[in-house]
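I am opening a notebook on a structure I have not looked at before. My entries follow what I looked up, one topic at a time.

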Amino acid sequence: MVTNQNTQLLKEIYEASAMGMEATKLVLPKVTDESLRGEIERQAQKYKGLAVKTEKMLAKQGETPDAEPAMKKAMLWGSVQMNTLVDSSPTHIAEMMISGTTMGIIDMTKKLNQLDEADAGAKKLAEEYIQGEQKNIELLKQHLGTV
């Protein structure tokens, strides 16, 4: 049971990181503000690093991450396109990123609470994800109100 919870939690962390990488990839071409671009590129690197760590932990358990759900990717793509069609200002992009990041924190917190028998290593990685997302929100807040 515990191993199963570890695997589940690690797969959740991987999926969250992969979706974060996908979101940053989709948003970056629409970012004109250099400072905001830098923040989003930094976020993308953090997601990539977390995905790599998670893959290694899964491999130690003889597991591999699940493929990103195509429907989620398609919905993310559509959301980014629609949300930036009318307004691609730095403020709006920061709002979008904050909103997605907040959803990531909520989802990961739920998973941590549900999978409470996962080992300390998996829980620590989930906490690292949450703390990284909280830091991202703080940094993105600086771009609210920029034209």
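**Entry 1: the largest pocket**

Which elements each supply at least two residues of the lining of the largest pocket? I looked this up in a predicted model. The elements are α1 (2-27), α2, α3 (70-85), α4 (90-114) and α5.

I noted the volume of the largest pocket as about 800 Å³. Its lining has 27 residues. Nearest the centre lie Met19, Leu76, Gly100, Met103 and Gly104. I sorted the lining by class and got 13 nonpolar, eight polar and six charged residues.

**Entry 2: the whole chain**

Next I stepped back to the fold. I found five helices and zero strands in the protein chain. Read from the N terminus, the order is α-α-α-α-α. The radius of gyration is 16 Å, close to the 15 Å that the globule rule gives for 147 residues, so the chain is as compact as a globular protein of that length. I also looked up the box that the C-alpha atoms fill, and along the principal axes it is roughly 50 × 30 × 20 Å.

**Entry 3: α2 against α5**

I picked one helix pair to follow. Two packed helices are described by the angle between their axes and the distance between the axes. How do the axes of α2 and α5 cross, and within what distance do they come? Helix α2 covers residues 34-60 and helix α5 covers residues 120-141. Their axes come within 11 Å and cross at roughly 175 degrees. Angles over 145 degrees count as roughly antiparallel, and α2 and α5 are therefore roughly antiparallel to each other.

I listed who meets whom. From α2 the residues include Leu36, Arg42, Tyr47, Leu50 and Met57. From α5 they include Ala122, Leu125, Glu128, Tyr129 and Leu140. The residues of this contact divide into nine nonpolar, four polar and five charged.

**Entry 4: the second largest pocket**

I went back to the pockets. Which of them gives the most? I found α5, with six residues. By class, I noted three nonpolar, three polar and five charged residues in this lining.

Conventions:
Residues are numbered from 1 along each chain as its sequence is written. This is a predicted model: local features need pLDDT of at least 70, side-chain atom pairs count only at pLDDT 80 or more; totals for chains, interfaces and linings use all residues. Side-chain values use heavy atoms; hydrogens and water are left out. Axes are lines fitted to C-alpha atoms, for helices over the stretch in contact, and angles run from 0 to 180 degrees between N-to-C directions. Helices (H or I, at least four residues) and strands (E, at least two) are DSSP runs, numbered from the N terminus. Angles under 35 degrees count as roughly parallel, over 145 as roughly antiparallel, 65 to 115 as roughly perpendicular and the rest as oblique. Contact means heavy atoms within 4.5 Å. Ala, Val, Leu, Ile, Met, Phe, Trp, Tyr, Cys and Pro count as nonpolar, Asp, Glu, Lys and Arg as charged, and the others, Gly among them, as polar. On a 1 Å grid over the protein atoms alone, a cavity is a set of points where a 1.4 Å probe fits but cannot get out, and a pocket is an open set with protein on both sides within 12 Å along at least five of seven lines; lining residues have an atom within 4 Å of a point. Grid points are joined across faces, edges and corners, and a volume is the space filled by probe spheres set on the points. The radius of gyration is taken over C-alpha atoms; the globule rule is 2.2 Å times the number of residues to the power 0.38.
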